[in-house]
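Here are my notes on this one, jotted down while going through the chains. Have a look at the structure first, then read on.

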Amino acid sequence: MTPLDAKRPLQLNAQGQLQHFLSLDGLPRELLTEILDTADSFLEVGGRAVKKVPLLRGKTICNVFFENSTRTRTTFELAAQRLSGAAHFIAEHVCPQVAVINGGDGRHAHPTQGMLDMLTIRRHKGGFENLSVAIVGDILHSRVARSNMLALKALGCPDIRVIAPKTLLPIGIEQYGVKVYTDMAEGLKDVDVVIMLRLQRERMAGGLLPSEGEFYRLFGLTTARLAGAKPDAIVMHPGPINRGVEIESAVADGPQSVILNQVTYGIAVRMAVLSMAMSGQTAQRQFEQEQAQ
Amino acid sequence: MKLSILGARVIDPASGLDQVTDLYLDAGKIIAIGAAPAGFNAIESIDAKGLVAAPGLVDLNVALREPGYSRKGNINSETQAAAAGGVTSLCCPPNTKPVLDTSAVTELILDRAREAGNCKVFPVGALSKGLDGEQLAELIALRDAGCVAFSNGLESFRSTRTLCRALEYAATFDLTVIFHSQDRDLAEGGLAHEGAVASFLGLPGIPETAETVALARDLLLVEQSGVRAHFSQLTSARGVALIAQAQARGLPVTADVALYQLILTDEALIDFSSLYHVQPPLRTKADRDGLRAAVKSGVVSAISSHHQPHERDAKLAPFGATEPGISSVELLLPLAMTLVEDGLLDLPTLLARLSAGPADALRLPAGKLEVGSPADLVLFDLGSSTVAGEHWLSKGENCPFIGHSLPATVRYTLMDGRISYQA
């Protein structure tokens, strides 16, 4: 017996257009490419004097933050990790015509970060077909890593690697079609892109890691380690970075770092997703009106 | 009241009876099977041709939510729901508010259950005061008030030594202890089975070892203390393998599973539907198959609903912020019939796991159709299906099976010779 509320494409309208943006799971390559192309066109706007586009004129944007306690790190962490699925929940319960854009839910997904990372890679490397990409660090707790793995796979990246100790790798990581490395030098060998993840200080408490120092010694990205990657490899990080914990300042601020570009591209990607989801909602409304007539 | 039930296929798994015959009831008991006793004049007669008559079902875990959580359910609503599922005897767990750790709470539950008159209710008392796992509850006072067994629910003892003493104390008086074996540390913060699905959804996991580590320890402590033990709500294939090993070396332990664990797997969590949020969690298909095999072989001798009704708001939030549990006692018989439909069990075996099996595990005076035994029975129709949720009596609508068409329909439930439910 299967449940009646079997998986349905909550994110897509009847024409297959984006109407919410919750997760990259199940989105076709064409749609992801459309997001990247739209974001590219907004980047031109970013260069103009008046940085406004009229797409969302007359619309209300509501930022919803579910983490209600940031007073202590521990409650924040607990709240955050238990909120996987919050965006799905909201999308299921909002009125029609409201588009929900997931800005990160627990450990589950951070699809706009995933797409801005893809935009960064495409703008620096031209495409995904021949790339080796390594994601390094706390994969277990990272919604960014999950979204990046899904996006890279969907966009046809042939060599996706994750590098971490077993305590920071989720069970069943193979389902993302990635290669697992526990040795940094081996995992970084000849890669085109290195994506570093932020390491939360709390990870030392639960026995996941002995110390920040030992993590840095094994998995920190230093100039020497980066030398094992391709000479033109780029270094990315979703921020905020922990200097001396997962990445050396010389690398973070060095010539191969594109971390600051990611921020600019992030704005373009979010503009792209907002406008696409709003027009998807409008199209769906028109479709429903036509159906009703 | 003299009542005759004519022409049913009467199945009594305990005695092996399975034939079309007549039942005669008087003064709340079965007084004859087959021929009517001399001078029997039925005041009422049920034409049961085409129906199956079986012992009333015995459910080892139905949360009645009273006292303390009346927004989720109450004794009247939930025992009515149970009767609709074919249940005539049920055990209610001690996680009420206040906790079922005093004779006063026991008496309150029993009084209200008698007043409601839908089901026989057998309370399970708290093993420790307030379920805090630190100080023993007054087990003998609770037994004398009517508790049939003792449990600490999923709240494990902080100290293994205290648990060990609790078991020795219970063993002194031949009390039955019910274990819900789950290691507190390994399960802490978890929301779903630690596996590929939870990883993909970013939900913190509860590893299989949360069950097996606790189970291995508990089985050794049971062996040492000699306490009568029942293991409840098993979820993993390795867990039931540990039970099978213990039974094979002669340890007289029994076990049950939640019916929904025999049907659902963790794949149901894709899309984050809170209806599938349960504790202990839904596990993999391999685990479900292991549980099903253990039910078939008899290593697991009882199937229970593990009914947990909730108010709507308890499930209306992002997955991790919702309360765990499924409301399903109302569907116990028709939902369990899917196991016969799937070819896993034959009908008498299924009925054994729903009546004599659970009754024997806790030594309850129930689960048999014999001359002289209480007239607790269920009459159901194999030729008719039930659309789950078409009628709903439980206060908890948190049931993922609503809308499904299930094989078989309960026509009558009788408790002590009186009709407690009629479709």
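How many residues of domain 1 of chain A are in contact with domain 2 of chain A?

1. Keep in mind that this is a predicted model. In chain A, 17 residues of domain 1 are in contact with 15 residues of domain 2. The domain assignment puts 29-107 + 263-292 in domain 1, and 113-259 in domain 2.

2. Now for what domain 1 of chain A brings to its contact with domain 2. Helix H1 (29-46), helix H2 (73-81) and helix H10 (259-292) of chain A each supply at least two residues of that side. H1(A) gives the largest share, five residues. By class, this side of domain 1 of chain A divides into seven nonpolar, five polar and five charged residues.

3. On to the contact between chains. Here 24 residues of chain A are in contact with 26 residues of chain B. On the chain A side, the elements giving two or more residues are helix H3 (86-93) and helix H5 (143-154). H3(A) has the largest share, which is three residues. The side of chain A that touches chain B has 10 nonpolar, eight polar and six charged residues.

4. Chain B has an open sheet of eight strands, in the order S6-S7-S8-S9-S10-S13-S14-S15, with parallel pairing. Strand S6 (57-59) and strand S15 (302-304) of chain B stand at the edges with a single partner strand each, so one side of each has no neighbour in the sheet. From one strand to the next, the twist averages 25 degrees.

5. For a look at one pairing in that sheet, take strand S7 (residues 87-92) and strand S8 (residues 120-126) of chain B. They run parallel and are joined by four bridges. Cys92(B) has Pro123(B) in S8(B) as its bridge partner.

6. There are antiparallel pairings in chain B too: strand S1 (residues 3-12) is joined to strand S2 (residues 17-26) by eight bridges, and the two run antiparallel. Val10(B) has Gln19(B) in S2(B) as its bridge partner. The hairpin of S1(B) and S2(B) has four residues between the strands, and Gly16(B) takes a positive phi near 85 degrees there.

7. S2(B) also pairs with strand S3 (residues 29-33) of chain B, through four bridges and again antiparallel. Leu25(B) stands opposite Ile30(B) in S3(B). Which residue takes a positive phi in the hairpin of S2(B) and S3(B)? That is Ala27(B), with phi near 50 degrees, in a hairpin that has two residues between the strands.

Terms used:
Residues numbered from 1 in each chain as written. Chains lettered and ligands numbered in written order. Predicted model: local features only at pLDDT ≥ 70, side-chain atom pairs only at ≥ 80, totals over all residues. Pairing = 2+ DSSP bridges. Axes fitted to C-alpha atoms, helices over the stretch in contact; angles between N-to-C directions. Domains from an automatic or database assignment. Contact = placed C-beta atoms within 7 Å. Nonpolar A, V, L, I, M, F, W, Y, C, P; charged D, E, K, R; others polar.
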